[in-house]
Amino acid sequence: MIVNITAAKDLGDWNTQEIKNKILEIVTGRNVESLKDKVHFYQTELALYFKELTRRNPFPNVREQLPIVVGVWIPIWSTIPFQDIVPGRLQEQSYQIFHDDGYYANIARYAPGHQSAVWRRFASKLPAFDLMVMQKYSIRDENWYIQNVGIFQALVNREKALTIDEADEWFTAIVKSKFQQHEEKIDLKRELQLNKIDRNTAKKFEKAYLNTPVLEHLYIDNDFRLVKSQREVKQRPSYTIAVRKR
């Protein structure tokens, strides 16, 4: 029988920074686990910490969250199902970038084969794959309103790392070239172009992409976010821990 050691903790005696530090400590190295294992880990270990931080959220008002969220964040742990549809995501080259123009993007470098010492020598000759999922954000009825607007890909040299500046420049260039029109004119199906990945993977992205996601900050401050999200009403909520990088 596994004993939930956090159940015995009186988190009310901890200061907020101690709770955040503990969360970061226990999730280190665990984002590579299967979705099933991560959901179980959330339920048995993280949920109590999340609940306590939610109670302490310094900015529960969504309008106050808008200026705080702008910048570059690193998602260090998440139970979002489609995050690892494409194999080989590089944790250290995964970014969530919010601009103050109402657009944000999840951008990640994928290098299949990098996890295996056996395959790494052969995979090093193959290109890496950069993927951007772009969305618009705003406030409606005092809640976050999220609209998917595009998924973009690029084949790149895996020997050259994807930096924050390069990811941000790519994001900015796409917005300027494709999304200057009013959001109601955006054709989601037309913008969904996944010609660089296999059809089965593309179908999984299409299913998630054509939904209207729900997003809630359980906790947010200037350098730490706990995000609850949901892409379908019947879907289990997903949780993401993100820390500010810039």
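Tutor: Buried means under 20% relative accessible area, exposed over 50%, and partly exposed in between (1.4 Å probe, protein chains only). The model discussed here is predicted: local features need pLDDT of at least 70 and side-chain atom pairs count only at pLDDT 80 or more, while totals for chains, interfaces and linings use all residues. Residues are numbered from 1 along each chain as its sequence is written, and side-chain values use heavy atoms, with hydrogens and water left out.

Student: In what order do the 8 strands form the open sheet?

Tutor: Strands (E, at least two residues) and helices (H or I, at least four) are DSSP runs, numbered from the N terminus. Two strands pair if DSSP finds at least two bridges between them. The pairing in this sheet is antiparallel, and the strand order is 5-4-3-2-1-8-7-6.

Student: Which are the edge strands?

Tutor: An edge strand here pairs on one side only. Neighbouring strands of the sheet are turned by 25° against each other on average, direction ignored. The two edge strands are strand 5 (143-156) and strand 6 (214-220).

Student: How many of the 7 residues of strand 8 are buried?

Tutor: Strand 8 covers residues 238-244 and pairs in the antiparallel sense with strand 1 (residues 71-78) over 5 bridges, where isoleucine 74 stands opposite valine 243. Strand 7 (residues 224-230) also pairs with strand 8 in the antiparallel sense, over 6 bridges, and there leucine 226 has isoleucine 241 as its bridge partner. Strand 8 is mostly covered, and its count of buried residues is 6.

Student: Why is strand 6 largely enclosed by the rest of the structure?

Tutor: Strand 6 pairs with strand 7 in the antiparallel sense over 6 bridges, and the two form a hairpin with 3 residues between them. In that pairing isoleucine 220 stands opposite arginine 225. Strand 6 counts as largely enclosed because, of its 7 residues, the number buried is 5.

Student: At about what angle do helix 1 and helix 2 pack?

Tutor: Two packed helices are described by the angle between their axes and the distance between the axes. Axes are lines fitted to C-alpha atoms, for helices over the stretch in contact, and angles run from 0 to 180 degrees between N-to-C directions. For helix 1 (residues 16-27) and helix 2 (residues 35-55) the axes are 10 Å apart, at an angle of about 160°.

Student: Is helix 1 roughly parallel or roughly antiparallel to helix 2?

Tutor: Angles under 35 degrees count as roughly parallel, over 145 as roughly antiparallel, 65 to 115 as roughly perpendicular and the rest as oblique. The packing angle therefore makes helix 1, relative to helix 2, roughly antiparallel.

Student: How many residues of the contact of helix 1 with helix 2 are charged?

Tutor: Contact means heavy atoms within 4.5 Å. Helix 1 contributes residues including Ile19, Lys20, Lys22 and Ile23, and helix 2 contributes residues including Phe41, Tyr49, Phe50 and Glu52. Asp, Glu, Lys and Arg count as charged, Ala, Val, Leu, Ile, Met, Phe, Trp, Tyr, Cys and Pro as nonpolar, and the others, Gly among them, as polar. The contact divides into 9 nonpolar residues and 1 polar, and the charged count is 3.

Student: Is aspartate 141 buried or exposed?

Tutor: Aspartate 141 is in the loop between strand 4 and strand 5, with phi near 55°, a positive value in a residue other than glycine. Most residues other than glycine have a negative phi. Because its relative accessibility is 73%, aspartate 141 counts as exposed.

Student: What is the relative accessible area of glutamate 142?

Tutor: Glutamate 142 also belongs to the loop between strand 4 and strand 5, and its phi is positive, about 60°, although it is not a glycine. Glutamate 142 is partly exposed, at a relative accessible area of 43%.
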